[in-house]
Amino acid sequence: MPLNIQIAEKTTASIDAIAIPISSDGLKNKKLKDIGIDVKHLKALGFTGKSGEAQVVSRIQKGKQQLVIAVGIGEKAKVNPEALHTAGETLARAAKNFKSVASHLLDIIPAKDRPKALQAHVEGLFSGSYVYSDFKSKQDAPELQRVLIIGTKNAANNKALKAGKDISAAIAFARDLINEPGGSLTPQKFATRAQAFSKRAGLRVKVMNRAAIEKAKMGGLLGVSRGSTQHPRFVEIKYSPTGKAQGFLSLVGKGVTFDSGGLSIKPANYMMTMKSDMSGAAAVVAAIYAIAKLRLPIKVTAYVPLTDNMLGGDATRPGDVLTAHNKKTIEVLNTDAEGRLILADALSIASKEKPDAILDLATLTGACVVALGEDVAGLMGNNKDWIGQITKSSNETSEKVWELPLVEEYKTQLDSSIADLKNIGSNYAGSITAGLFLQEFVDEKIPWAHLDIAGPAFKETGASVGGTGFGVKLIVDLAANFKKPKSDKK
Ligand code: BES
Ligand code: ZN
Ligand code: ZN
């Protein structure tokens, strides 16, 4: 049952519970007593008002008993719109056994921040009620069907509500794709899903099959796909705004539907989550959908190379040489460094269209998870202004990134004795050598950035286990605030 969220000026009688925000310093507040909340009881239950806490209690209002969900919001002075995202997630989880809830959480936000906080709250509510149950014989979906957010029905709030819904639908789409097992979500099936979803937003989609990919000479994609019985696909999705465009942005996403490592096979432990190796692809398909739904004034094209990385009888062998779309030759010394091979083709194709900027998203290296952990994506690129815009969108959306340097001196690590370059560097700085490899396939005049999302794309444990949809919000914010990047002064 999809969650229905509306703005309402006041609570209706048919609602199961009301949610109120309580800050960690607000627990001493006598106002709570005035609205019938038993602070002693809340404290005895262990509630402290910290962000991420929720507790169901009851109060008597006008002689009637009413259930109240106390939602922790952290220190009052530090409450920002983003706090309402966490509060939304927490509330949705705490309310999973209720059918309908009225949220008074916007009350704690200063009036000028309310539309932004409303959008974050909506996204949090959808995120917290997300479940992936396609492979469960018994559905364990939450009961929660309806949330009334108590607030003013003005144009800014209505717009924020719609944006929150569109972005949440995009994120749920990405999470579904990431969570689907590799044997189920083949490259062909991914392409069909992406096509159907894009059409819902009125986008133009081109799906290339193996013959078309061969004709286009995508040697990287074909080389990775060679060990699989599943055929590769290459998907291009285009969005043009109706009015004047602020610029032209190209997105590229790594779409490895399962990464076994190929002949350079992964150890069992490292292979268990490799259905998520198409998270970059899922994020860019989801993002261009949301961009179109929000009618952002920018031209966007998404390029998605799709394959799995298997080890069939004719798989690419370590030592084989592939020729990428831009004619550069690559000696494949490790078939597990496959993401960069398919991105090589996609980035050269994207470059030919001369966009104002390119951003690629890829679960590219384990080294990035070692360096930055599970919450932070590695950011690399060839243009300061473009890196700055991405960092700004990261701050706005709380999808964390950290810049890593594309160290010139490390480029020689990619020298090959028989081809133009090899696909692996030394044992150190694996995320950076991967970034330097990608750079070889981008037109140097085009501002380009690469987000290594190997860490934040997928959570192995916790309440939001599985695909996260990381990157969707960041890309949408980036597109909404896009300015053609200034070239770096030499
Ligand atoms: N898909 C993996 C990277 C990855 C690791 C993503 C962990 C998410 C979590 C990628 O294709 C890969 O295997 N990279 C190798 C590169 C190496 C062979 C140079 C790696 O990181 O070990
Ligand atoms: Zn790999
Ligand atoms: Zn991979």
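This is a predicted model: local features need pLDDT of at least 70, side-chain atom pairs count only at pLDDT 80 or more; totals for chains, interfaces and linings use all residues.

Tutor: Residues are numbered from 1 along each chain as its sequence is written, chains are lettered from A and ligands numbered from 1 in the order in which they are written, and side-chain values use heavy atoms, with hydrogens and water left out.

Student: Which residue in β13 is the bridge partner of leucine 322?

Tutor: Strands here are DSSP runs (E, at least two residues; helices are H or I, at least four), numbered from the N terminus. Two strands pair if DSSP finds at least two bridges between them, and β12 (residues 320-323) pairs with β13 in the antiparallel sense over four bridges. The partner of leucine 322 in β13 is isoleucine 330.

Student: In which sense do β13 and β17 pair, parallel or antiparallel?

Tutor: Glutamate 331 has lysine 422 in β17 as its bridge partner. With two bridges between β13 and β17 (residues 421-422), the sense is parallel.

Student: How far apart in sequence are the parts tied together by glutamate 440 and lysine 328?

Tutor: The two form a salt bridge (a side-chain nitrogen of Lys or Arg within 4 Å of a carboxyl oxygen of Asp or Glu), with the closest N and O atoms 3.0 Å apart. Glutamate 440 lies in the loop between α14 (430-439) and β18 (448-452), and lysine 328 in the loop between β12 and β13, so the parts tied together are apart in sequence by 112 residues.
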